[in-house]
Amino acid sequence: MGLLMREGSNTVEAGAWQTMVAMRNEAEAKAELAYVRLNPEYQFVEGASAGALYNVGSGDVISLGVREASIVEMLERNEPVADVIAKLGTEVDCDVQRFVEDLCLRGIAAQYKRPRYIDKLRITRFSEERWYQQAPSLGIAFLSLGGECELKCEFCAYPRRFECLGCRCFHEPPPDAHVVRAILAELSSFGCRSVALIGGDPMFRWDITQEVIRRAKDLSIDGIYLVSSGFTLPTDLTLLSEAGVKILIQVFTPVTAYSRCLNEGTEIPSSILQRIAANLSGLRAAGIAFDVILSEVLDEADRPDSMTVPDGFGDVLRGARVDHNRISARTERLVNSPRDISRVSVEMFYRRAHYHPCLGGKVFVHTDGTVSPCPGMPELAVGNLLDQSLSQMYSRIEPWWGLTLDRLDPCRRCEFRYACVDCRALERHAGVTGNKKSLCSYNPETAAWRAVG
(Lines give C-alpha, C1' and ligand atoms only; values in the text may rest on other atoms or scores of the structure.)
Protein backbone atom coordinates (compact mmCIF):
# COMPACT_ATOMS: atom_id res chain seq x y z
CA MET A 1 0.00 0.00 0.00
CA GLY A 2 1.01 3.65 -0.09
CA LEU A 3 3.21 5.34 2.46
CA LEU A 4 0.22 7.01 4.07
CA MET A 5 -1.53 3.71 4.81
CA ARG A 6 -2.41 3.22 8.45
CA GLU A 7 -1.17 0.16 10.26
CA GLY A 8 -3.71 -2.72 10.52
CA SER A 9 -5.49 -3.92 13.63
CA ASN A 10 -3.33 -5.05 16.53
CA THR A 11 -5.61 -8.09 16.90
CA VAL A 12 -4.85 -10.66 14.23
CA GLU A 13 -7.60 -13.21 13.59
CA ALA A 14 -8.01 -15.73 10.84
CA GLY A 15 -10.36 -15.86 7.88
CA ALA A 16 -13.06 -13.30 7.17
CA TRP A 17 -12.19 -10.98 10.07
CA GLN A 18 -8.65 -10.50 8.77
CA THR A 19 -9.98 -9.83 5.28
CA MET A 20 -12.51 -7.33 6.64
CA VAL A 21 -9.80 -5.45 8.56
CA ALA A 22 -7.62 -5.24 5.45
CA MET A 23 -10.53 -3.90 3.40
CA ARG A 24 -11.39 -1.34 6.10
CA ASN A 25 -7.78 -0.10 6.25
CA GLU A 26 -7.62 0.23 2.49
CA ALA A 27 -10.89 2.17 2.44
CA GLU A 28 -9.67 4.52 5.20
CA ALA A 29 -6.41 5.17 3.39
CA LYS A 30 -8.23 5.98 0.17
CA ALA A 31 -10.60 8.27 2.06
CA GLU A 32 -7.69 10.11 3.66
CA LEU A 33 -6.09 10.65 0.27
CA ALA A 34 -9.40 11.79 -1.24
CA TYR A 35 -8.27 15.46 -1.26
CA VAL A 36 -4.79 16.92 -0.79
CA ARG A 37 -4.06 20.66 -0.44
CA LEU A 38 -0.86 22.62 0.02
CA ASN A 39 -0.17 23.83 3.55
CA PRO A 40 -0.65 27.55 4.32
CA GLU A 41 3.03 28.48 3.95
CA TYR A 42 3.26 27.04 0.42
CA GLN A 43 2.27 29.06 -2.64
CA PHE A 44 1.96 27.38 -6.03
CA VAL A 45 2.93 29.52 -9.02
CA GLU A 46 2.17 28.16 -12.46
CA GLY A 47 4.38 28.82 -15.48
CA ALA A 48 3.81 28.30 -19.18
CA SER A 49 4.71 24.62 -18.91
CA ALA A 50 6.12 23.93 -15.43
CA GLY A 51 5.60 25.36 -11.96
CA ALA A 52 7.19 26.21 -8.62
CA LEU A 53 6.33 25.92 -4.93
CA TYR A 54 7.24 28.90 -2.75
CA ASN A 55 7.70 28.17 0.95
CA VAL A 56 7.24 31.73 2.20
CA GLY A 57 8.05 30.58 5.72
CA SER A 58 11.53 29.20 5.01
CA GLY A 59 12.19 31.13 1.78
CA ASP A 60 12.77 27.98 -0.30
CA VAL A 61 11.63 27.83 -3.91
CA ILE A 62 11.01 24.29 -5.22
CA SER A 63 11.03 23.77 -8.98
CA LEU A 64 8.36 21.41 -10.32
CA GLY A 65 8.48 19.52 -13.58
CA VAL A 66 5.67 19.68 -16.11
CA ARG A 67 3.77 16.66 -14.74
CA GLU A 68 4.31 17.57 -11.08
CA ALA A 69 3.02 21.09 -11.76
CA SER A 70 -0.09 19.64 -13.40
CA ILE A 71 -0.73 17.43 -10.36
CA VAL A 72 -0.39 20.31 -7.88
CA GLU A 73 -2.54 22.59 -10.01
CA MET A 74 -5.38 20.04 -10.01
CA LEU A 75 -5.02 19.33 -6.28
CA GLU A 76 -5.22 23.06 -5.53
CA ARG A 77 -8.52 23.15 -7.44
CA ASN A 78 -9.83 20.61 -4.91
CA GLU A 79 -9.99 17.83 -7.45
CA PRO A 80 -10.04 14.38 -5.80
CA VAL A 81 -6.80 12.44 -5.98
CA ALA A 82 -8.61 9.64 -7.79
CA ASP A 83 -9.70 12.08 -10.51
CA VAL A 84 -6.15 13.41 -10.84
CA ILE A 85 -4.89 9.87 -11.38
CA ALA A 86 -7.64 9.17 -13.90
CA LYS A 87 -6.94 12.33 -15.92
CA LEU A 88 -3.21 11.64 -16.13
CA GLY A 89 -3.69 8.08 -17.36
CA THR A 90 -3.49 4.68 -15.74
CA GLU A 91 0.11 4.08 -16.79
CA VAL A 92 1.33 6.69 -14.28
CA ASP A 93 -1.01 5.82 -11.38
CA CYS A 94 1.79 4.78 -9.07
CA ASP A 95 3.89 7.84 -9.93
CA VAL A 96 1.02 10.22 -9.19
CA GLN A 97 0.13 8.56 -5.90
CA ARG A 98 3.77 8.37 -4.85
CA PHE A 99 4.25 12.09 -5.63
CA VAL A 100 1.11 13.04 -3.68
CA GLU A 101 2.18 10.90 -0.73
CA ASP A 102 5.61 12.50 -0.83
CA LEU A 103 4.05 15.98 -0.66
CA CYS A 104 2.31 14.96 2.56
CA LEU A 105 5.30 13.18 4.08
CA ARG A 106 7.53 16.21 3.49
CA GLY A 107 5.04 18.57 5.15
CA ILE A 108 4.29 20.39 1.90
CA ALA A 109 0.65 19.32 1.76
CA ALA A 110 -1.99 17.67 3.95
CA GLN A 111 -4.76 15.17 3.26
CA TYR A 112 -8.48 15.73 3.81
CA LYS A 113 -11.63 13.63 3.48
CA ARG A 114 -13.61 16.53 2.01
CA PRO A 115 -12.75 19.59 -0.16
CA ARG A 116 -11.02 22.31 1.88
CA TYR A 117 -10.28 26.01 1.53
CA ILE A 118 -6.78 26.72 2.87
CA ASP A 119 -6.02 30.32 3.75
CA LYS A 120 -2.43 31.19 2.88
CA LEU A 121 0.15 32.59 5.28
CA ARG A 122 -0.04 36.39 5.27
CA ILE A 123 1.54 37.43 8.58
CA THR A 124 3.54 40.39 7.26
CA ARG A 125 3.41 44.12 7.67
CA PHE A 126 3.11 44.61 3.92
CA SER A 127 0.32 42.12 3.28
CA GLU A 128 -1.71 43.54 6.18
CA GLU A 129 -1.29 47.16 5.08
CA ARG A 130 -1.74 46.50 1.38
CA TRP A 131 -5.52 46.29 1.55
CA TYR A 132 -6.00 49.89 2.60
CA GLN A 133 -2.76 51.48 1.42
CA GLN A 134 -2.70 53.01 -2.06
CA ALA A 135 1.06 52.60 -2.51
CA PRO A 136 4.10 51.23 -0.74
CA SER A 137 5.87 53.73 1.45
CA LEU A 138 9.04 55.27 0.05
CA GLY A 139 11.61 52.70 1.12
CA ILE A 140 14.72 54.46 -0.16
CA ALA A 141 15.65 57.64 -2.00
CA PHE A 142 18.94 57.84 -3.86
CA LEU A 143 20.37 61.35 -3.63
CA SER A 144 22.90 62.60 -6.16
CA LEU A 145 25.61 64.76 -4.62
CA GLY A 146 27.05 65.67 -8.00
CA GLY A 147 29.86 64.29 -10.05
CA GLU A 148 33.09 65.10 -8.26
CA CYS A 149 35.55 62.27 -7.66
CA GLU A 150 39.33 61.96 -7.51
CA LEU A 151 39.22 59.04 -9.92
CA LYS A 152 38.31 59.50 -13.58
CA CYS A 153 37.13 56.06 -14.71
CA GLU A 154 36.48 55.75 -18.43
CA PHE A 155 34.08 52.89 -17.62
CA CYS A 156 32.06 55.02 -15.17
CA ALA A 157 28.94 54.86 -17.36
CA TYR A 158 29.33 51.20 -18.41
CA PRO A 159 26.39 48.91 -17.63
CA ARG A 160 26.75 46.97 -14.39
CA ARG A 161 24.71 44.44 -12.47
CA PHE A 162 24.14 46.89 -9.59
CA GLU A 163 23.00 49.92 -11.57
CA CYS A 164 21.58 51.64 -8.51
CA LEU A 165 24.45 51.00 -6.11
CA GLY A 166 27.70 51.20 -8.06
CA CYS A 167 29.65 54.43 -7.64
CA ARG A 168 29.36 56.70 -10.69
CA CYS A 169 29.42 60.35 -11.64
CA PHE A 170 26.24 62.07 -12.80
CA HIS A 171 28.12 65.18 -13.98
CA GLU A 172 25.85 67.53 -12.07
CA PRO A 173 26.84 70.56 -10.01
CA PRO A 174 26.81 69.91 -6.25
CA PRO A 175 23.50 70.79 -4.55
CA ASP A 176 23.03 74.02 -2.62
CA ALA A 177 22.40 73.77 1.12
CA HIS A 178 18.82 75.11 0.82
CA VAL A 179 18.05 72.56 -1.93
CA VAL A 180 19.35 69.73 0.27
CA ARG A 181 17.14 70.85 3.15
CA ALA A 182 14.06 71.15 0.90
CA ILE A 183 14.63 67.73 -0.68
CA LEU A 184 15.13 65.95 2.64
CA ALA A 185 12.12 67.68 4.20
CA GLU A 186 9.86 66.49 1.37
CA LEU A 187 11.26 62.94 1.50
CA SER A 188 10.67 62.82 5.25
CA SER A 189 7.08 64.09 4.90
CA PHE A 190 6.38 61.25 2.43
CA GLY A 191 7.60 58.69 4.98
CA CYS A 192 11.02 57.99 3.46
CA ARG A 193 12.85 55.47 5.66
CA SER A 194 16.33 55.51 4.05
CA VAL A 195 18.55 57.63 1.84
CA ALA A 196 21.56 56.55 -0.20
CA LEU A 197 24.15 59.20 -1.03
CA ILE A 198 25.67 58.63 -4.47
CA GLY A 199 27.10 60.55 -7.41
CA GLY A 200 30.81 60.93 -7.83
CA ASP A 201 32.28 60.14 -4.43
CA PRO A 202 30.39 61.62 -1.45
CA MET A 203 33.59 61.30 0.60
CA PHE A 204 35.32 63.74 -1.78
CA ARG A 205 32.88 66.61 -1.10
CA TRP A 206 32.70 65.96 2.63
CA ASP A 207 31.38 69.45 3.42
CA ILE A 208 28.17 68.73 1.49
CA THR A 209 27.91 65.11 2.58
CA GLN A 210 28.09 65.83 6.30
CA GLU A 211 25.38 68.48 5.92
CA VAL A 212 23.10 65.89 4.29
CA ILE A 213 23.84 63.32 7.01
CA ARG A 214 23.11 65.74 9.85
CA ARG A 215 19.90 66.98 8.25
CA ALA A 216 18.69 63.43 7.57
CA LYS A 217 19.24 62.47 11.22
CA ASP A 218 17.38 65.60 12.35
CA LEU A 219 14.41 64.46 10.25
CA SER A 220 14.54 60.95 11.79
CA ILE A 221 15.58 59.26 8.54
CA ASP A 222 17.26 56.32 10.20
CA GLY A 223 18.84 54.47 7.28
CA ILE A 224 21.72 56.42 5.73
CA TYR A 225 23.85 54.72 3.09
CA LEU A 226 26.93 56.10 1.38
CA VAL A 227 28.38 54.70 -1.87
CA SER A 228 32.07 55.42 -2.43
CA SER A 229 35.09 54.33 -4.44
CA GLY A 230 37.01 54.01 -1.15
CA PHE A 231 39.83 56.16 -2.57
CA THR A 232 38.97 59.20 -0.44
CA LEU A 233 38.33 59.23 3.29
CA PRO A 234 37.61 62.22 5.54
CA THR A 235 40.11 62.88 8.31
CA ASP A 236 37.45 62.85 11.03
CA LEU A 237 35.26 59.73 11.00
CA THR A 238 33.23 60.71 14.06
CA LEU A 239 30.06 61.70 12.17
CA LEU A 240 30.01 58.46 10.17
CA SER A 241 30.23 56.49 13.39
CA GLU A 242 27.74 58.54 15.43
CA ALA A 243 25.14 58.67 12.64
CA GLY A 244 25.43 54.93 11.98
CA VAL A 245 26.11 55.48 8.29
CA LYS A 246 26.30 52.23 6.30
CA ILE A 247 29.06 52.42 3.71
CA LEU A 248 29.27 50.57 0.39
CA ILE A 249 32.67 50.55 -1.30
CA GLN A 250 33.18 49.67 -4.96
CA VAL A 251 36.58 48.09 -5.66
CA PHE A 252 37.66 47.47 -9.23
CA THR A 253 39.66 44.51 -10.47
CA PRO A 254 41.98 43.56 -12.11
CA VAL A 255 44.57 46.04 -10.97
CA THR A 256 45.12 47.20 -14.54
CA ALA A 257 41.60 48.67 -14.53
CA TYR A 258 42.89 51.49 -12.35
CA SER A 259 45.32 52.54 -15.05
CA ARG A 260 42.29 54.10 -16.71
CA CYS A 261 41.01 55.76 -13.52
CA LEU A 262 43.75 58.29 -12.83
CA ASN A 263 42.90 61.93 -12.34
CA GLU A 264 46.32 63.53 -12.72
CA GLY A 265 48.28 60.41 -13.63
CA THR A 266 50.29 60.63 -10.42
CA GLU A 267 49.48 57.20 -9.02
CA ILE A 268 50.18 53.74 -10.38
CA PRO A 269 47.38 51.14 -10.18
CA SER A 270 48.91 49.13 -7.35
CA SER A 271 49.27 52.19 -5.12
CA ILE A 272 45.62 53.08 -5.72
CA LEU A 273 44.54 49.67 -4.42
CA GLN A 274 46.93 49.97 -1.50
CA ARG A 275 45.39 53.33 -0.56
CA ILE A 276 41.86 51.90 -0.76
CA ALA A 277 42.88 48.91 1.38
CA ALA A 278 44.40 51.27 3.96
CA ASN A 279 41.21 53.37 4.01
CA LEU A 280 39.06 50.30 4.60
CA SER A 281 41.35 49.20 7.40
CA GLY A 282 40.90 52.67 8.91
CA LEU A 283 37.11 52.35 8.75
CA ARG A 284 37.29 48.97 10.45
CA ALA A 285 39.59 50.29 13.17
CA ALA A 286 37.05 53.06 13.83
CA GLY A 287 34.30 50.49 14.25
CA ILE A 288 32.49 51.57 11.07
CA ALA A 289 30.91 48.72 9.12
CA PHE A 290 31.15 48.56 5.35
CA ASP A 291 30.20 46.26 2.49
CA VAL A 292 32.06 45.85 -0.77
CA ILE A 293 31.02 45.50 -4.40
CA LEU A 294 33.96 43.80 -6.09
CA SER A 295 33.63 44.85 -9.73
CA GLU A 296 35.56 43.23 -12.55
CA VAL A 297 36.08 45.54 -15.50
CA LEU A 298 35.82 43.54 -18.72
CA ASP A 299 37.01 44.43 -22.16
CA GLU A 300 34.67 43.43 -24.96
CA ALA A 301 36.31 40.03 -25.46
CA ASP A 302 37.07 39.24 -21.80
CA ARG A 303 35.10 36.42 -20.20
CA PRO A 304 37.05 35.30 -17.13
CA ASP A 305 35.87 32.16 -15.37
CA SER A 306 36.03 33.61 -11.87
CA MET A 307 36.69 36.86 -10.11
CA THR A 308 39.78 37.14 -7.94
CA VAL A 309 40.23 39.24 -4.82
CA PRO A 310 42.93 41.88 -5.30
CA ASP A 311 46.21 41.29 -3.48
CA GLY A 312 46.21 42.75 0.00
CA PHE A 313 42.41 42.70 0.37
CA GLY A 314 42.06 39.29 2.01
CA ASP A 315 42.22 40.60 5.58
CA VAL A 316 40.37 43.83 4.76
CA LEU A 317 37.34 41.99 3.34
CA ARG A 318 37.12 39.45 6.14
CA GLY A 319 33.75 39.90 7.85
CA ALA A 320 32.42 42.29 5.19
CA ARG A 321 29.62 41.30 2.83
CA VAL A 322 31.09 41.11 -0.67
CA ASP A 323 28.93 41.20 -3.80
CA HIS A 324 30.45 40.40 -7.19
CA ASN A 325 29.70 42.57 -10.17
CA ARG A 326 30.88 42.91 -13.73
CA ILE A 327 31.25 46.11 -15.72
CA SER A 328 31.45 45.82 -19.47
CA ALA A 329 30.83 47.81 -22.62
CA ARG A 330 28.12 45.28 -23.35
CA THR A 331 25.27 44.31 -21.05
CA GLU A 332 25.56 40.93 -19.30
CA ARG A 333 22.52 38.73 -18.64
CA LEU A 334 21.11 39.16 -15.14
CA VAL A 335 19.76 35.63 -14.74
CA ASN A 336 21.97 32.82 -16.01
CA SER A 337 21.10 29.71 -13.97
CA PRO A 338 18.86 28.43 -11.14
CA ARG A 339 21.45 29.86 -8.72
CA ASP A 340 20.16 33.33 -9.62
CA ILE A 341 16.68 32.51 -8.30
CA SER A 342 16.51 34.10 -4.85
CA ARG A 343 14.95 32.91 -1.61
CA VAL A 344 11.55 34.52 -1.03
CA SER A 345 10.13 35.55 2.32
CA VAL A 346 6.41 36.05 2.87
CA GLU A 347 6.96 39.82 2.77
CA MET A 348 8.87 39.59 -0.51
CA PHE A 349 6.32 37.29 -2.13
CA TYR A 350 3.35 39.58 -1.58
CA ARG A 351 5.33 42.70 -2.37
CA ARG A 352 6.53 41.31 -5.71
CA ALA A 353 2.97 40.35 -6.56
CA HIS A 354 2.11 44.06 -6.52
CA TYR A 355 5.34 45.98 -7.20
CA HIS A 356 8.49 45.81 -9.29
CA PRO A 357 11.23 43.84 -7.48
CA CYS A 358 13.68 46.75 -7.75
CA LEU A 359 11.83 49.96 -8.59
CA GLY A 360 9.00 49.59 -6.07
CA GLY A 361 9.30 52.18 -3.31
CA LYS A 362 12.39 53.84 -4.83
CA VAL A 363 13.20 57.25 -6.35
CA PHE A 364 16.35 59.00 -7.50
CA VAL A 365 16.73 62.72 -6.80
CA HIS A 366 19.15 64.89 -8.80
CA THR A 367 21.06 67.79 -7.26
CA ASP A 368 18.48 70.27 -8.60
CA GLY A 369 15.51 68.36 -7.13
CA THR A 370 14.50 66.53 -10.33
CA VAL A 371 13.08 63.08 -9.59
CA SER A 372 13.75 59.97 -11.72
CA PRO A 373 12.59 56.37 -11.17
CA CYS A 374 16.13 55.00 -10.73
CA PRO A 375 19.80 56.11 -10.68
CA GLY A 376 20.35 53.90 -13.73
CA MET A 377 17.79 55.95 -15.69
CA PRO A 378 18.65 59.54 -14.72
CA GLU A 379 17.43 60.87 -18.07
CA LEU A 380 13.80 60.01 -17.19
CA ALA A 381 12.11 62.73 -15.13
CA VAL A 382 8.76 62.50 -13.34
CA GLY A 383 8.84 65.89 -11.62
CA ASN A 384 10.84 68.22 -9.40
CA LEU A 385 10.65 68.32 -5.60
CA LEU A 386 11.19 72.08 -5.58
CA ASP A 387 7.99 72.57 -7.60
CA GLN A 388 5.67 69.84 -6.33
CA SER A 389 5.42 67.16 -3.68
CA LEU A 390 5.95 63.45 -4.17
CA SER A 391 2.23 62.97 -3.60
CA GLN A 392 1.46 65.29 -6.51
CA MET A 393 3.82 63.44 -8.87
CA TYR A 394 2.82 59.98 -7.65
CA SER A 395 0.66 59.32 -10.72
CA ARG A 396 3.88 59.45 -12.76
CA ILE A 397 5.90 57.37 -10.28
CA GLU A 398 3.31 54.61 -9.82
CA PRO A 399 3.69 53.09 -13.33
CA TRP A 400 7.32 52.29 -12.47
CA TRP A 401 6.58 51.05 -8.95
CA GLY A 402 3.68 48.91 -10.20
CA LEU A 403 5.59 47.31 -13.08
CA THR A 404 5.45 43.76 -11.70
CA LEU A 405 6.97 40.82 -13.53
CA ASP A 406 3.38 39.74 -14.18
CA ARG A 407 3.34 42.61 -16.68
CA LEU A 408 6.58 41.77 -18.48
CA ASP A 409 7.14 39.33 -21.35
CA PRO A 410 8.08 36.53 -21.02
CA CYS A 411 8.10 36.84 -17.20
CA ARG A 412 4.31 36.80 -16.94
CA ARG A 413 4.43 33.11 -18.00
CA CYS A 414 7.37 32.14 -15.77
CA GLU A 415 6.95 30.22 -12.50
CA PHE A 416 9.96 32.02 -10.98
CA ARG A 417 8.57 35.53 -11.46
CA TYR A 418 8.22 36.20 -7.72
CA ALA A 419 11.77 35.02 -6.98
CA CYS A 420 13.55 36.74 -9.84
CA VAL A 421 15.24 40.08 -10.49
CA ASP A 422 14.80 42.70 -13.16
CA CYS A 423 16.66 45.90 -14.03
CA ARG A 424 14.85 48.29 -16.33
CA ALA A 425 18.03 50.37 -16.64
CA LEU A 426 20.07 47.42 -17.92
CA GLU A 427 17.29 46.47 -20.33
CA ARG A 428 17.37 50.02 -21.71
CA HIS A 429 21.16 49.74 -22.09
CA ALA A 430 20.55 46.53 -24.07
CA GLY A 431 18.16 48.34 -26.40
CA VAL A 432 14.96 46.75 -25.08
CA THR A 433 11.84 48.89 -25.28
CA GLY A 434 8.40 48.32 -23.80
CA ASN A 435 7.45 45.86 -21.07
CA LYS A 436 9.89 43.15 -22.04
CA LYS A 437 12.79 41.35 -20.41
CA SER A 438 15.70 39.96 -22.41
CA LEU A 439 18.54 39.50 -19.90
CA CYS A 440 17.46 36.06 -18.70
CA SER A 441 18.56 32.56 -19.73
CA TYR A 442 15.36 30.75 -18.72
CA ASN A 443 12.64 29.94 -21.25
CA PRO A 444 9.32 29.38 -19.44
CA GLU A 445 7.73 27.96 -22.59
CA THR A 446 10.12 24.98 -22.57
CA ALA A 447 11.13 25.07 -18.87
CA ALA A 448 14.78 24.99 -20.00
CA TRP A 449 17.88 27.09 -19.27
CA ARG A 450 19.97 28.44 -22.11
CA ALA A 451 23.70 27.77 -22.02
CA VAL A 452 25.69 30.87 -21.02
CA GLY A 453 28.00 31.88 -23.85
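Colleague: How much space lies in the largest cavity?

Modeller: About 70 Å³. Bear in mind that this is a predicted model.

Colleague: How many cavities of 30 Å³ or more does a search of the whole structure find?

Modeller: The search finds one.

Colleague: Which residues line the largest cavity?

Modeller: Leu-143, Ser-144, Leu-145, Pro-175, Val-180, Ile-183, Leu-184, Val-212, Val-365, His-366 and Thr-367. By class, that lining has eight nonpolar residues, three polar ones and no charged ones.

Colleague: Which elements give two or more residues to that lining?

Modeller: S6 and H6 do. The largest share comes from H6, with three residues.

Colleague: What does H6 pack against, among the helices?

Modeller: Helix H6, residues 177-189, packs with helix H7, residues 206-218. The angle is about 35 degrees and the axes are 10 Å apart. H6 passes H7 in a right-handed crossing.

Colleague: Which residues meet there?

Modeller: From H6, Val-180, Arg-181 and Leu-184; from H7, Glu-211, Val-212, Arg-215 and Ala-216. The contact of H6 with H7 is made up of four nonpolar and three charged residues, with no polar ones. Val-180, Leu-184 and Val-212 take part in this contact, and they also line the largest cavity.

Colleague: OK, on to the sheets. What is the strand order in the sheet of nine strands?

Modeller: S11-S10-S9-S8-S7-S6-S12-S13-S14, in an open sheet with mixed pairing. Strand S11 (322-328) and strand S14 (383-384) are its edge strands, each pairing on one side only.

Colleague: How many bridges join S9 to S10?

Modeller: Seven, and the two strands run parallel.

Colleague: How many bridges do S2 and S3 pair over?

Modeller: Five, in the antiparallel sense, with S3 covering residues 51-55. Tyr-42 has Asn-55 in S3 as its bridge partner.

Colleague: What about H2 and H3, at what angle do they pack?

Modeller: At about 140 degrees, with the axes of H2 (residues 66-76) and H3 (residues 81-88) 10 Å apart. The crossing is right-handed. Ile-71, Met-74 and Leu-75 in H2 meet Val-81, Val-84, Lys-87 and Leu-88 in H3. Six residues of that contact are nonpolar, one is charged and none is polar.

Colleague: Now the open space. How much of it lies in the largest pocket?

Modeller: About 1200 Å³. The pocket is lined by 45 residues, and those nearest its centre are Cys-164, Leu-165, Pro-357, Cys-358 and Lys-362.

Colleague: Which element gives the largest share of the lining of the largest pocket?

Modeller: H11 does, with four residues. Elements giving two or more residues include strand S8 (223-228), helix H8 (238-242) and helix H11 (346-354).

Colleague: How do the residues of that lining divide by class?

Modeller: Into 24 nonpolar, eight polar and 13 charged.

Colleague: Last topic, the backbone. Which residue does a cis peptide bond join to Pro-254?

Modeller: Thr-253, with omega at about 0 degrees. Pro-254 is in the loop between S9 and helix H9 (269-285). The peptide bond from Asp-409 to Pro-410 is also cis, with omega near 0 degrees. Pro-410 sits in the loop between helix H12 (394-401) and helix H13 (424-429).

Colleague: And what is the phi of His-171?

Modeller: It is positive, about 55 degrees, although His-171 is not a glycine. You will find His-171 in the loop between S6 and H6.

Terms used:
Residues are numbered from 1 along each chain as its sequence is written. This is a predicted model: local features need pLDDT of at least 70, side-chain atom pairs count only at pLDDT 80 or more; totals for chains, interfaces and linings use all residues. Side-chain values use heavy atoms; hydrogens and water are left out. Two strands pair if DSSP finds at least two bridges between them. Axes are lines fitted to C-alpha atoms, for helices over the stretch in contact, and angles run from 0 to 180 degrees between N-to-C directions. A crossing is left-handed if the near helix is turned anticlockwise from the far one by less than a right angle, and right-handed if clockwise. Contact means heavy atoms within 4.5 Å. Ala, Val, Leu, Ile, Met, Phe, Trp, Tyr, Cys and Pro count as nonpolar, Asp, Glu, Lys and Arg as charged, and the others, Gly among them, as polar. On a 1 Å grid over the protein atoms alone, a cavity is a set of points where a 1.4 Å probe fits but cannot get out, and a pocket is an open set with protein on both sides within 12 Å along at least five of seven lines; lining residues have an atom within 4 Å of a point. Grid points are joined across faces, edges and corners, and a volume is the space filled by probe spheres set on the points.
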